[in-house]
Amino acid sequence: MRQEICTYQRSWLKFQQLKWVGLLSLFGLLLSGTSLRAQPSQPTLDLPALLITLERQSQAKIDLGRMLFFDRRLSGDGTMSCAVCHIPDQAFADGGELSPAYPTNKHWRNTPSLLNAAYLDLFFWDGRADSLSAQAVGPLESPVEMNSKLPYLAAKLAEIPEYQKAFQRAYAADVSPDLILAALAAFEQTLSVTDSPFECFLAGEEQALTTQAGRGLKLFFGPRGGCSQCHSGPLLTDQKFYNLGVVETKTLQDDPQRRATRRYMLERQGLPMLQRDPGRYLMSKQPAEMGAFRTPPLHQVAQTGPYMHNGSFKTLAEVVAFFSHGGGDDAQKSKLLKVRNFTPEEQADLVAFLESLSGTVPQVHRPHLPGD
Amino acid sequence: MSCIAGCSQAPQCKLQNLLSGKEELRLVKSLLFLFMLLGFSQPVLAKGLVEVPLGDAPTRGAPDAPVVMVEFIDFQ
Amino acid sequence: MQKYRGKLKLVIKHYPYRYRDYSSLAAQASEAARAQGKFWEMHDLMLERKQLDRNSLLDYARELGLDLARFQLDLDNKTYLPRVEADFALARKLDLFQTPTFVINGRLLVGERPIEMFRQLIDQALAEVPK
């Protein structure tokens, strides 16, 4: 099914690419086939490897994880499910600058997409979790997200016969905090996108990228753009932490509820209140990592705006312009950022390349939940 | 993996794999592509808008307003 | 939302949460009030006061000057349950999983979101309206 979608989608992209030049050009282009890799005059680009196929866990585990993902009973007052911030129709992000929050509270950061998250080694903007399971504890127990407690949640689900059966079916075991997290991870592992034009290009389909996206690719992976200094590897992230000089937004600085969230997160790590988001410093307590955030993976990035840890850029064009200027103004800004003064054409090419990272998002629907 | 590299192992993708890189089959590929163009239309790919039948639901605001905001509400 | 006067219409559909004690009852109460011409008044009171147990709903009905006997009978007979359930079924059919969920000229806004996100979708919808 996905293969059929991929074939159709690629054909459609080709149509979008070529309709402007007419049918004859279409034939010409398809027959001649230009290659960014094959042309001897082109400098060799250090392109990433393809994303590997992740092994799917049993359907029973995936189904259970999907039930938990959509079940609002996982939150303290039954308001929030995972899907509220990771909305299936919005590339498993939420479209907002800052994440939605538990009622009466406010969040302090932008929601990362779950797409291809299963490939990551570090989670959250500050890398404070090292597995999908460990990540899931964060929102479930955070007072500004789902505000529950795993042991209580396990007890709650254990009193629901359909969940009892589902856990037995999936794990041949009773409901437990660890298995709740494991099932959520099993479901999230299915949320991968590996058929973007860029991935198809990497797989050898030379026509998968538009001409403009192809130029963007060269910029992105070449010294002129410098993007792949950090956005490298199959996920287009080195999973390291950089201070880009992204400006603190007024709402994060002034809103007492958002400040309270920051204060709480800092206090949990034994740190005093700060007038800025500490980024990786929160975990490492290394002054050099103050305001440094994990390089985000870029697959499906065109659908996951607004961008940056505080959602301060609405569009990819704004992000590219920011990097063109060498990032923001911060004493600890990464030395990798340099003023590049991209031309408007180069900026548009980079945006086109970033848009070529979008593939077929898995269609996920709310399943039947116990008690429905 | 859903593009060429991934589906090369799947028997049902033999045709797709065959058509993917062989220079001599580019014409066949083009014809297949054109066939697909005829077979599908843009709305199939367009991001679906949700259509809500309004029925006689309670409304507030201008009856003939150009923008309709439906709220699915839980009072509790 | 004053700036959208004449351009925006709000439509209410019920999507009571199954696991809450008073969600369905409150939805039925709003319809019972509507039958007496006071839907929006009841809607506003329920959201403002937040107490939604049966006695509170009866108090609101009294406060709004509704025919209390009729209102009470409608609740007891579950007169408007089928209407509420029809909305619920529609929400499920549309694959909605959260309240509130807003559909603004076909575009979804899930959950309680900042006013700017509403403005953005409404402005986008207005821009798409044929002149």
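**Note on chain C and its strand β2**

1. Chain C contains six helices and three strands; helices (H or I, at least four residues) and strands (E, at least two) are DSSP runs, numbered from the N terminus. Along the sequence, these elements of chain C are arranged as β-α-α-α-α-α-β-β-α.

2. The model is predicted: local features need pLDDT of at least 70 and side-chain atom pairs count only at pLDDT 80 or more, while totals for chains, interfaces and linings use all residues. Residues are numbered from 1 along each chain as its sequence is written, and chains are lettered from A and ligands numbered from 1 in the order in which they are written.

3. The C-alpha trace of chain C spans about 50 × 30 × 25 Å along its principal axes. Of its 131 residues, 39% are buried, a term applied when 20 or more other C-beta atoms, placed from the backbone, lie within 10 Å of the residue's own.

4. Strand β2 of chain C (residues 101–104) is covered on both faces. C:Thr101 and C:Val103 are buried on one side, and C:Phe102 and C:Ile104 are buried on the other.

5. Within chain C, β2 runs antiparallel to strand β3 (residues 107–110), with four bridges between them; strands pair if DSSP finds at least two bridges. C:Thr101 has C:Val110 as its bridge partner in β3. Two residues separate the strands of this hairpin, where C:Asn105 takes a positive phi near 40°.

6. Strand β2 of chain B (residues 67–73) is also joined to β2 of chain C by four bridges, in antiparallel orientation. Here B:Glu71 has C:Phe102 as its bridge partner.

Terms used. Buried ≥ 20, exposed ≤ 12 C-beta atoms within 10 Å, placed from the backbone.
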